[in-house]
Structure formats: structure tokens, C-alpha cells
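Please work through the exercises below with the sequence and the three-dimensional structure at hand. Each task is followed by a worked solution.

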Amino acid sequence: MGMPTGTHSPDAPAGSPPTAAEADAAPGTSRSAPARVALVGVHGFGTHHLRNLERLQAAGAVELVAVADPQPPAPGYVPASAQVFPGLDELLSAAGALDLIIVATPIQTHAPLALAALGTGADLYLEKPPVASLADFNRLCDAAAASDRSVQIGFQSLGSHALQAIADLLAAGTIGTLQGISATGRWVRDRAYYKRSRWAGKRSIGGVDVVDGVATNPLAHAVATALRIAGARTTADVSSVETELYRANDIESDDTSVIRIRTSSGLPITCALTICAAESMEPYVTLHGSAGTAVFHYTEDRLTVTTASGTSEKTYGRDDLTENLLAHRSAGTPLISPLLDSGAFMLVLEAVRTAPLPAPIDDDHVRWEGEGEAAQAVVVDIEAALEQAGRRHLTFSELGLPWATSAPSAFSMPAS
């Protein structure tokens, strides 16, 4: 999943200050040479990166010198400045020195492509999820440290200015003592979604991990955002992970799941997620406090705070992660989503990867809406189940749902 980015965040108020690239390109300001950038993967979410790079190139912040994709882009699809290659190897052998490589490719290709990119001396922007196993994550961290290059992970929601507002309200005690966090996501995906590529809905392909589950790909931002709000960034910040995984579709991976996490400080985080809802709703993260709640709709950068004194709502701006990485390179600005800070998320992904196979939801509790490839599975009354799971920090089986035949599976945390 991802959120498109324009000149400003789509939710930024009118009159927002210029982006870093725009300010840098303003008349009368000094500007360093544009960063030489290559994009690997120009279809799917790669399209977002391509359009964003065109914007940054127009502002003078980057030069898109090359793209790579085994599916050749149509004529005129990429800027004339960019050479087109079928793969990263061909690109690296011909494109010359690069400052930044962006990888927006299928999950199972992230590890080899990221390692190859770091071997060039370029900085790296790697789409989420970073890689498909904790072992690959550790290898990538070692490679990044050895190369002394910077790695930004594409959790775009972490660029929201609402996160600082949340930190401020927690510090001020606005909602009292934080007692728990829940992430709720209910989206719709049809049969065609699982046929768009050979890796869609797969746990692995030919022995290579994919882990394309609801919590690790389409609604991964819900998990990552909840972890960030809880202060859980690295692997050391998580003490336990439990999973309860289900599927209504005929796929290998999970499409309806509860992930229950406890941070090293003891805070519970419960992620109740599905892509088998009756209708898609904007996902949100809820902070449950002793004196109120704060609900963050992260795709909209919208924060609603409710206390005894009433309810307030505000929509915030957002920093673009590519611009943030460029600012990090040029001025030492801290990265918003650095590689090591994906460690907590990777423990969740590893828990899903190593969990028992998702349990099929009995046909009696699934209805199909639509026809043919547009047909979508809907788990009956899943909306209420998600709300209860998040609010009470319970799994579907603990709620006693008739189709919930599994039990929570505890992940064996790696030795520190």
C-alpha cells in the first residue's frame, strides 16, 4: 500500500511552506549538484516513485539517470534523461556513478537488490516491507554498516507531522496514561488482486520467502505506525509477538489476522486487520489512554483527540521520504525511517513468516460480492470483530468467534 505524494502532502493545508526541493530551487538560493538517482521497478508502486522523481527533477534536486524493470516501460513513460535497463545488473554496469538507488520491486527481490545497491556506494531507498525474513534483515543491516551508506525504508506514514503532535499530547498527559495501542484496518481486495502477479498472496515461491500477508504488505503501515507511536523501533524494543492468522480467499497467506505485540516497556499493541471487509475504510491507529483517546488516520494525516472536555480534530502535513533522504545526504538531517528502526516491524514479519499456516474461514461465515475477477470475499461481521479485538487486546478465538478455530501462536523471540 502507499500514499501518493504531490508538491505538498495531499492533506497539507493551503499555504503550506514549500518542500525542501522547492526551497532549494528558489531563486537566489545556493544549490548543490542534483543527486544522480536510479529507480528499480517502475510499475506498481514504482509509478509513485517515478512521478515523485519527476517532480524532484523539475525542482533541480535530482537527476533521474536510469531505471530498471523486466517489463519495459511504454515510450514516454519515463523521462528522456533516464536510460532504461531490464535489470539492476545491467543498469549498474552502464549507468555510471550513482548517489541514490530506489528499489520498488516485489518483496522477494528486496534482499538481493538491496545488497547489490549497497555494494555500489550509493545510498538506498527500499520499499516496505524491507525484506522477507529476519535473517535477510540482519544481513542487510550488516551490509549497510559495512558500506557506511544510508538506508531509508518506505514507510511513508512515518513522515506525518501528526506523529510529533501525538508525542506532544502524550508528554502533556492530554489523554492520561497510555494503556495500549490498537491498529485497525479493513480494506477490500478482489480475486483479481491475487492474480496481478505470481507472488501475490504467497508465503513463498520456490523456497524463497515472500510473506505477502495482510499485516506485512497491504496494511503494513498500520503495524509500522503503531510500533513507531509506541516507541518500538528496533528489535530490542519488542518483548513478545503473538499471531492468529486466517484466510477467506484461496491463497497461501493471511488476509484476516490479529497480531498482538508487547513492547519492552510492557505496552500492548494489537493490530486487527483484514482485506475482506464489506467496504474499504481508512485504516487508523488508536491510543487508549486513562483519560481519553487519540485516533490517527494515517493515510490522511488526520488526528482526532477525545477527552472529557470534548473532541478536537486536525489534519497535518507530511514530509516526503525521498526528500528526507536527500536532506540527510546533503545536510545530515535525521532519517525518518532508517533501516535499523524497522527492526521491530521485522520481528512482526518474522512472527508471521514462521507462524502456522493461516486457517481457512469456513464458507458459512464468508459471503462473496461481485462476479468473476471482481468478486470479493467478505467475512461476516468482521468490522465488529476488528473493533473488539483492538479495544480489548484479544484475538478472534479469544473473542469466541464461530469461525476462529486457531489459537494465538507465540513467536520465539531471537536471543539478544
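The exercises that follow concern a predicted model.

**Exercise 1. Confidence**

Task: State the average pLDDT of the protein and identify the stretch in which the pLDDT is below 50.

Solution. Step one: the average pLDDT of the protein is 93, and 92% of the residues score at least 70. Step two: residues 1-30 have a pLDDT below 50, although this stretch makes 59 contacts in the model beyond near neighbours in sequence. Step three: where pLDDT is low, predicted coordinates should not be read in detail.

**Exercise 2. Overall dimensions**

Task: Determine how the radius of gyration of the protein relates to that of a compact globule.

Solution. Step one: for 416 residues, a compact globule would have a radius of gyration near 22 Å. Step two: the protein has 21 Å, which agrees with that expectation. Step three: the C-alpha trace spans about 60 × 55 × 45 Å along the principal axes. Step four: buried residues account for 55% of the 416 residues. Step five: of the contacts between residues at least 6 apart in sequence, 70% join residues at least 24 apart. The secondary structure comprises 10 helices and 20 strands.

**Exercise 3. Surface and charge**

**Exercise 4. Helix H7**

Task: Explain why helix H7 is described as largely enclosed by the rest of the structure.

Solution. Step one: the helix covers residues 220-229. Step two: its buried residues include His221, Thr225 and Arg228, as well as Val223 and Leu227. Step three: 10 of the 10 residues are buried, and therefore H7 is largely enclosed by the rest of the structure. Just after H7, Gly231 adopts a positive phi of about 80°.

**Exercise 5. Backbone features in loops**

Task: Decide whether Asp148 and His393 are buried or exposed.

Solution. Step one: Asp148 lies in the loop between H5 and strand E6, and its phi is positive, near 60°. Step two: the relative accessible area of Asp148 is 63%, over the 50% cut-off, so this residue is exposed. Step three: His393 is located in the loop between helix H10 and strand E20, with a positive phi of about 55°. Step four: the relative accessible area of His393 is 17%, under the 20% cut-off, so this residue is buried.

Task: Locate the cis peptide bond that leads from Lys128 to the following residue.

Solution. The bond joins Lys128 to Pro129, with omega near -15°. Pro129 belongs to the loop between strand E5 and helix H5.

Methods: Residues numbered from 1 in each chain as written. Predicted model: local features only at pLDDT ≥ 70, side-chain atom pairs only at ≥ 80, totals over all residues. Heavy atoms only, no water. Helix = DSSP H or I, 4+ residues; strand = E, 2+ residues; numbered from the N terminus. Rg over C-alpha atoms; globule rule 2.2 N^0.38 Å. Buried < 20%, exposed > 50% of the residue type's maximum accessible area, 1.4 Å probe, protein only. Contact = heavy atoms within 4.5 Å. pLDDT = per-residue confidence, 0-100.
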